[in-house]
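Here is a short briefing on one protein chain. Look over the sequence and the structure first, then read on.

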Amino acid sequence: MKIAITIKSINKPGVLRDITDMMADCGINISYTHLFIEKDESASIHLELENVDDIETLVKNLKSFPVINDVEVHPSLDEIYGKRIIIIGGGAQVAMVAQGAITEADRHNIRGERISIDTIPLVGEKELAEAVAAVGRIPRVGALVLAGSLMGGKISEEVDKVKKEHDMIVISLSMPGSVTEKADLVITDPVQAGVIAVMAIADTAIFDIKKIKRKRF
């Protein structure tokens, strides 16, 4: 069984180690984790778990730790937010791509799909290259859309790495620069780029991007 839990604990060294040791002893696999500090300085640990046979016993065992204040069981982030589309580039182009993506995602999410859209307007080769590289460290990304006026150099290198290391579709707006040579698809209309990005990853869409890969529209 797969579940997700959030643990509220005292912020001190060794807490995460003790939790993961206990789960390993129970044969539970941690598929995703995220930890941050709340404004009251307590720790909030989000864990997505596999091979959980008894949820009630797991929660009881966790609450027995003196440093743990509370344990909540809830749906996974995949169930709530689903697949993600990341849009990176110049502000005006990003906004137009997002318009198309959000409109199309709404149509699919109404039918039970879960697709969310993340955007970041950026300029500069270094900044854009770092953002592309970081996409590989973000969970549940199905598609990356590069929306700018000129992209190449280090940005193209990072696109290459992301595509080799992750199962991710890369769509680029038509623009000068070598990034268009690395993308799976090059599209002139930013709104259409957003729509196609959603269609490419939606389970509810009858669309196969492999049939039009490496083409320009």
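**A charged pair, then the whole chain**

Arginine 107 and glutamate 104 form a salt bridge, with their closest N and O atoms 2.5 Å apart. Both residues sit in helix α4, 3 residues apart, or about one turn of the helix. Keep in mind that this is a predicted model.

**Salt bridges**

- The structure holds 11 salt bridges.
- Side chains of opposite charge can pair when their charged atoms come close.
- Is glutamate 104 buried or exposed? Glutamate 104 is buried, because its relative accessible area of 8% is under the 20% cut-off.
- Lysine 8 pairs with glutamate 38, and their closest N and O atoms are 2.7 Å apart.
- This pair links distant parts of the chain, 30 residues apart. Lysine 8 belongs to strand β1 (residues 3-9), while glutamate 38 lies in the loop between β2 (29-37) and β3 (43-50).
- Lysine 8 is partly exposed, with a relative accessible area of 23%. Glutamate 38 is partly exposed too, at 24%.
- Arginine 17 and aspartate 18 also meet in a salt bridge, at 3.0 Å from N to O.
- Arginine 17 counts as exposed, because its 51% relative accessibility is over the 50% cut-off. Aspartate 18 is partly exposed, at 31%.
- Lys83, Glu113 and Asp203 are linked in a network of salt bridges.

**Nonpolar cores**

- The largest nonpolar core has 44 residues.
- Which residues have the most contacts inside this core? They are Ile85, Ile87, Ile88, Val132, Leu144, Leu146 and Ile171.
- Helices and strands both contribute: among the elements that each supply at least two residues are β5 (83-89), α4 (91-109), β7 (141-147) and α8 (190-201).
- Beyond its neighbours within four places in sequence, isoleucine 171 is in contact with residues including Leu144, Leu146, Leu185 and Ile196.

**The chain overall**

- The chain has 8 helices and 10 strands.
- Its C-alpha atoms fill a box of roughly 60 × 40 × 30 Å along the principal axes.
- Of the 217 residues in the chain, 43% are buried.
- Take the contacts between residues at least 6 apart in sequence: 72% of them join residues at least 24 apart.
- The accessible surface comes to about 11,600 Å², and carbon and sulfur atoms account for 52% of that surface.
- The chain carries 26 positive and 32 negative charges, and their mean positions are 5 Å apart.

Conventions:
Residues numbered from 1 in each chain as written. Predicted model: local features only at pLDDT ≥ 70, side-chain atom pairs only at ≥ 80, totals over all residues. Heavy atoms only, no water. Helix = DSSP H or I, 4+ residues; strand = E, 2+ residues; numbered from the N terminus. Buried < 20%, exposed > 50% of the residue type's maximum accessible area, 1.4 Å probe, protein only. Contact = heavy atoms within 4.5 Å. Areas by Shrake-Rupley, 256 points an atom, 1.4 Å probe, with all protein chains shown as cover. Lys, Arg positive; Asp, Glu negative; His and termini not counted. Charge placed at Lys NZ, Arg CZ, Asp CG, Glu CD. Core = buried A, V, L, I, M, F, W, Y, C linked by side-chain atoms within 4.5 Å. Salt bridge = Lys/Arg side-chain N within 4 Å of Asp/Glu carboxyl O.
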